[in-house]
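Reader: Hello! I am new to protein structures, and I would like a close look at one part of this model. Could you walk me through the sheet and whatever packs on it?

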Amino acid sequence: MAYSESYACDVCGDKKGADGDWWLAWVDCFQGDNPGEDQPLIQLTRWQLKQARAKGVKHLCGARCAGTMIDRWMSVQHENPESQCETP
């Protein structure tokens with residue numbers, strides 16, 4: 001039996017096909033100068049299968065959905081400007 005991976009856009013739900021301009025995004029941590037000054041940041045890159053499988057990575061079907069996700073993330077950060085990076 002063959003194994004098949006499928007991906008859907010985390011914003012609009014479209015299914016990834018063979019074509020398209022897909023992107024990946026994830027939240028990381030920007031190290032501050034002093035303890036307690038670390039801030040969450042969002043990273044965005046072109047589609048790569050190995051990274052697409054990583055925990056916490058968002059799959060985005062194009063620029064419009066990438067922009068929507070970033071806008072939503074910025075709104076959450078704006079509502080909580082004192083937010084810190086999550087610690088494991």
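Author: Happy to! The part to look at is an open sheet of 3 strands, in the order S2-S1-S3 with antiparallel pairing. Strands here are DSSP runs (E, at least two residues), helices are runs of H or I with at least four residues, and both are numbered from the N terminus. Two strands pair if DSSP finds at least two bridges between them. The edge strands are S2 (39–46) and S3 (58–60), each pairing on one side only. On average, neighbouring strands of this sheet are turned by 35 degrees against each other, direction ignored; such angles are taken between axes, which are lines fitted to C-alpha atoms (for helices, over the stretch in contact), and angles between N-to-C directions run from 0 to 180 degrees.

A word on the source: this is a predicted model, where local features need pLDDT of at least 70 and side-chain atom pairs count only at pLDDT 80 or more, while totals for chains, interfaces and linings use all residues. Residues are numbered from 1 along each chain as its sequence is written, and side-chain values use heavy atoms, with hydrogens and water left out.

Now follow the pairs. S1 and S2 run antiparallel and are joined by 8 bridges; for example, Trp26 has Gln43 in S2 as its bridge partner. Strand S1 (residues 23–30) also pairs with S3 in the antiparallel sense, over 3 bridges, and there Trp23 has Leu60 in S3 as its bridge partner.

Next comes helix H2 (residues 63–79), which packs on the sheet and touches S1, S2 and S3, where contact means heavy atoms within 4.5 Å. The direction of H2 makes about 175 degrees with that of S2. In H2, the buried residues are Cys65, Ala66 and Met69; buried means under 20% relative accessible area, exposed over 50%, and partly exposed in between (1.4 Å probe, protein chains only). Seen down the axis of H2, these buried residues fall within an arc of 105 degrees, so they line one face of the helix; the arc is that of the directions from the helix axis to the C-beta atoms. Those buried residues pack against S1, S2 and S3. On the other side of H2, Ala63, Arg64, Met74, His78 and Glu79 are exposed.
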